[in-house]
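Biologist: I am new to this structure, and I would like a close look at its salt bridges. Could you take me through them step by step?

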Amino acid sequence: MEYRPFEITSITATNLKDVNFFSKMRVYVIVSIVGDSSTSQETPTSKRHGTSPAWDFPMRFFVEESKLHQSWLRLVFKLRCSQRIGGDEDIEEVHVPLKKLFDDAEGRKEIPAGHNYQVMTPAGKPRGGSSFLHSFGETISVKG
């Protein structure tokens, strides 16, 4: 079976909904690939608190080569606010077709590409934006 490494090196968000009324938001991101094996990774809480957080936290996923050509494979960024009381709260989400990222990166392997996307609230309304840097590595064969 063949896999391709997919790396995210930086994530930023702007103009997020402020869900904390009395203090600065402490935001983190859960990144997953929906449609592949259950993959999920989480950033630490952003050191730049508030409605425009940023993370320089590298993440690496391994995606089946054959699935990269399917339009249903999605990269999902779930932005959450760390709460001291009452549990963490979902702020907004970004869904990105992985095929589009792969097609855009064709010919630029190992060189990070940047993308900007509209952030959606849990109710499905547009709000703010998110950007990230990513790259795809060379195909790796794994005997199973």
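Predicted model: local features only at pLDDT ≥ 70, side-chain atom pairs only at ≥ 80, totals over all residues.

Let's start with Lys-78. Its relative accessible area is 27%, so Lys-78 falls in the partly exposed class. Lys-78 pairs with Glu-93 in a salt bridge, and their closest N and O atoms lie 3.7 Å apart. This pair joins distant parts of the chain: Lys-78 belongs to strand β6 (residues 74-81), while Glu-93 belongs to strand β7 (residues 89-97), and 15 residues separate the two. Glu-93 is partly exposed as well, because its relative accessible area is 24%.

Next, look at helix α1 (residues 98-105), which holds both Lys-99 and Asp-103. They sit four residues apart, about one turn of the helix, and their side chains meet in a salt bridge with an N to O distance of 2.7 Å. Lys-99 has a relative accessible area of 26% and is partly exposed; Asp-103, at 39%, also counts as partly exposed.

Finally, turn to Glu-64, whose side chain meets that of Lys-67 in a salt bridge, at 3.6 Å from N to O. Glu-64 has a relative accessibility of 17%, and therefore it counts as buried.

Why might such pairs form? Side chains of opposite charge can pair when their charged atoms come close.

Technical notes
Residues numbered from 1 in each chain as written. Heavy atoms only, no water. Salt bridge = Lys/Arg side-chain N within 4 Å of Asp/Glu carboxyl O. Buried < 20%, exposed > 50% of the residue type's maximum accessible area, 1.4 Å probe, protein only.
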